[in-house]
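Please open the model in your viewer and follow the stops below, selecting each group of residues as it is named.

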Amino acid sequence: MLKINVIGAGILGLWQAYRFAKAGHQVHLLEKSETLFETASSRLAGAMLAPFCESEASQRDLIPHALRSLALWSEGPCDFESKGTLIIAPPRDRVELTSFAKRTIEHQHIKSETIAQLEPSLEGRFNEALYFEKEGHLAPRPALKALITAFRDLGGEVTLGFTGTAPKADYTIDTRGMGAKSELKAKDRALRPVRGEMVVVHAPGLKLYRPIRLLHPRMPSYIVPWPDDHYMIGATVIESDDEGPITLRSGLELLGSAFTVHPAFGDAKIIEFNAGSRPSFFDNLPKIVLDETHIFVNGAYRHGFLLAPLLAELVLAHIENGEPIEGLFQ
Amino acid sequence: MTNSQFKLYDTSLSSRLIMGTALYPSPQSLIDSVNAGGSEIVTLSLRRETAGDGAANDFWAHIQKLNVNLLPNTAGCKTAKDAITTAQMAREIFGTKWLKLEVIANDDTLQPDLFELVEATKELSSQGFQVFPYTTEDLGAAEKLLEAGAEVLMPWGAPIGTGRGLMNPYALRTMRSYFPDTPLIVDAGIGAPSHAAEAMEMGYDAILLNTAIAKAGDPVAMGKAFKLAVEAGHLAHQALLIEQRDMASPSTPVAGTPFFDLDNLN
């Protein structure tokens with residue numbers, strides 16, 4: 001049994017803590033904020049478990065790893081949905097569907113009839129769509145809670161408001177996101193924030209079962225169903241370290257895209273506008289950076305929920321069996 | 001030698017491919033693509049990249065490692081006034097007199113506003129900027145832009161991001177003939193390397209594009225493809241293309257060819 005510190009209680013840190021505790025190690029989770037998840041980027045995530053859609057942006061190498069990670073979610077303590085992803089485009093931009101289809105695998109090209117079977121609310125609204133049946137999604141905040149509950153049930157210790165030096169341990173797993181920027185810079189790893197903005201609405205008049213991605217030449221967006229008729233609408237991707245609230249323009253664009261998907265969103269109540277940073281390396285892939293017994297796990301970009309279980313598995317295999325870190329994540 | 005030197009304002013260049021820096025899957029992919037494309041000039045959007053300090057600085061540090069000329073743009077500006085303010089900020093931040101002047105008239109087509117464009121060119125030239133105006137093939141507007149101080153013109157191939165290629169080859173050809181000595185760059189609308197080659201074959205001096213490489217399935221390979229196409233088109237223009245003919249003319253001379261049935265000589 002090893003003594004392990006995990007710093008940072010976002011999705012990466014929680015999976016590391018949970019996985020090491022499950023493997024029988026003595027784990028201490030240290031979090032800077034006084035309230036759980038207060039500053040974690042993870043609470044703003046779309047939390048789509050979408051290996052194929054996410055590979056659209058030239059990252060095909062990621063698919064096998066993402067699939068392995070997706071399978072690991074089912075061994076974890078969180079509820080998640082396996083209803084696939086639906087990709088739609090306004091009639092004028094249907095070429096975007098063709099383009100998306102060309103760049104991805106494992107999708108079906110479906111017509112209005114099948115769309116209506118999958119999502120009755122969208123009946124008659126779109127003539128065609130791409131359906132990625134093998135993808136899933138989850139509600140990020142309940143998932144974070146389920147992970148920390150499971151971690152505590154396994155005997156894990158949690159310290160909130162942590163600022164000082166970590167207690168003595170065999171290994172420290174550092175998942176602080178942008179908080180680790182200067183230490184990573186010293187190791188010649190440039191971490192940068194990629195701003196994302198999102199909206200949460202309550203739309204009891206509507207029922208969507210799976211993430212809907214709306215393609216658009218200028219402003220692609222997605223809608224993810226959250227529990228109790230809530231929907232998360234996201235998300236901008238801006239190269240900026242601005243940490244201020246969402247801009248009016250982004251808000252308008254996100255809400256406008258929801259309205260495009262279904263006019264019933266017009267009657268939805270706006271519950272939350274939010275903005276945060278995605279810690280990212282230059283290739284937008286997460287990295288496991290080894291510094292003797294200090295192990296950085298960082299830079300999840302848009303892939304925190306998708307890859308967190310796999311990253312925990314890789315760090316565990318490295319510490320327990322000395323297995324080398326997979327090249328993509330070095 | 002595949003690329004003769006040419007000049008934009010006082011800068012000598014050999015690469016005739018100018019690349020935008022937006023829409024790439026990651027900064028690493030951008031850097032690899034620019035290297036593959038061999039560009040010596042990249043455009044940058046001030047509004048986007050300077051929304052904050054730290055991230056922008058990291059981004060710059062890497063762009064600057066590419067050792068290329070920066071061509072800041074005024075993307076998204078809709079009035080001369082707005083463009084002038086953006087230009088002044090860009091000069092301050094990037095330390096260059098170069099400016100890709102973009103003033104948008106219509107939000108759907110992103111067509112340049114020629115009236116505001118001329119006005120902004122005049123003012124910015126008088127302030128010492130070296131203006132690269134994003135314009136149409138309109139010759140009247142082009143003349144006014146040159147009078148206003150621009151020494152380079154950048155007509156569109158098609159609306160930004162549409163990838164439709166040269167929508168009006170006749171007008172682009174006319175523009176090339178009308179301004180034989182002005183550096184002309186086809187900016188926007190290029191979707192395929194063949195489009196870039198077509199413009200270069202017409203005698204355009206360079207090609208400016210972003211989406212066609214950034215949104216390709218493999219941006220690095222597409223960067224290389226555009227590099228080759230631009231070089232091929234330029235070389236073809238220098239080598240003097242043949243004219244199209246009505247009548248077929250055999251490439252193998254027939255005079256003196258025996259016309260026996262060689263298979264049945266026995």
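Select A:Trp15 and A:Tyr18, which both lie in helix H1 (residues 11–22) of chain A, 3 residues apart, about one turn of the helix; helices (H or I, at least four residues) and strands (E, at least two) are DSSP runs, numbered from the N terminus. Both residues are buried, that is, under 20% relative accessible area with a 1.4 Å probe and protein chains only, where over 50% is exposed and in between is partly exposed. This is a predicted model, in which local features need pLDDT of at least 70 and side-chain atom pairs count only at pLDDT 80 or more, while totals for chains, interfaces and linings use all residues. Residues are numbered from 1 along each chain as its sequence is written, chains are lettered from A and ligands numbered from 1 in the order in which they are written, and side-chain values use heavy atoms, with hydrogens and water left out.

Ring pairs link A:Trp15, A:Tyr18, A:Trp73 and A:Phe305 into a cluster; rings of Phe, Tyr and Trp (its six-membered ring) pair if their centres lie within 6.5 Å, and planes under 30 degrees apart count as stacked, over 60 as edge-to-face and the rest as tilted.

A search of the whole structure finds 8 aromatic pairs over all chains. The ring centres of A:Trp15 and A:Tyr18 are 5.4 Å apart with the planes at 85 degrees, so this pair is edge-to-face. Next select B:Tyr9 and B:Phe132, whose ring centres are 5.4 Å apart with planes at 50 degrees, so the pair is tilted.

Finally, select B:Asp187 in strand E9 (residues 185–187) of chain B, which counts as buried at 3% relative accessibility.
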